[in-house]
Amino acid sequence: MQLIYQSYSSVKFDTNQILSIVHNYSYDMYKETADWLLERTKIRPKVAIICGSGLGGLAEVLDDKTDFPYSDIPHFPTSTAPGHAGQLVFGRLEDHECVCMKGRFHFYEGYSMHKQGVYGMQSGPAFETIAECEVLHRLGADAIGMSTAPEVVVARHCGLRVFAMSLITNILVRDYDSNEKANEEEVLESTALRTKDLQTFIRNFITKI
Ligand SMILES: O=P(O)(O)O[C@@H]1C[C@H](O)[C@@H](CO)O1
Ligand SMILES: Nc1nc2[nH]cnc2c(=O)[nH]1
């Protein structure tokens, strides 16, 4: 999927600047979080998967799972979006050590976009109006979400290779005469229908890494 994305990638921050932009957490706080987790799992993930709305089921494919509610992890934010369980799940997938985030953090929940880039998304939590859909469509958007771009920007900043996949869960309405409206129920129903396919896809994908 091509994203409309305004990049300021020539702007370089050092790690401490990034840490202070992202929620004013200090290095010591991040270390405390990391040490807490490292003491509680033997898994040392090479693969990290962020599961979006209703897609937490992806984590079910992991073997030897250990999960941690976000609320138990020191300095870890909590998820508030519907269908985001708020758990960090460590385990193995096809012998690869993995961690899954069942729930992510959105701009509309008060999380920074890290000032590095904005893609053609709606920040949410409301679905876009017909006029907003029209603008994004004219700008060339093929699909719209409320997440993903900030995560990709940060991951790339950290030098991680990123693969992002979006499940298209609903049609956006661009017709003023239509009675249809994007809604959370449809999003979660569509993800529920596709969870098995996604599990298979991720399982196969990971064997190719
Ligand atoms: O994490 P994702 O991109 O699945 O979450 C978006 C944000 C909204 O809460 C929800 C809309 O259905 O999906
Ligand atoms: N912005 C946006 N995000 C979504 N996430 C799931 N469906 C939608 C949608 O229609 N619009």
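Reply:

**The fold and the ligand site**

The protein has five helices and six strands, where helices (H or I, at least four residues) and strands (E, at least two) are DSSP runs, numbered from the N terminus. Along the sequence their order is β-α-α-β-β-β-β-β-α-α-α. This is a predicted model, in which local features need pLDDT of at least 70 and side-chain atom pairs count only at pLDDT 80 or more, while totals for chains, interfaces and linings use all residues. Residues are numbered from 1 along each chain as written, chains are lettered from A and ligands numbered from 1 in the order written, and side-chain values use heavy atoms, without hydrogens and water.

Now the site. Around ligand 1 stand G52, S53, A81, H84, R104, H106, Y108, F127, M146, S147, E184 and V187, each with a heavy atom within 4 Å of the ligand. Five of these shell residues are nonpolar, five polar and two charged. Here Ala, Val, Leu, Ile, Met, Phe, Trp, Tyr, Cys and Pro count as nonpolar, Asp, Glu, Lys and Arg as charged, and the others, Gly among them, as polar. Domain 1 (28-102) and domain 2 (119-194) each supply at least three residues of the shell; these bounds come from an automatic or database domain assignment.

On its own, ligand 1 has 350 Å² of accessible area, and the protein covers 88% of that, by the Shrake-Rupley method with a 1.4 Å probe.
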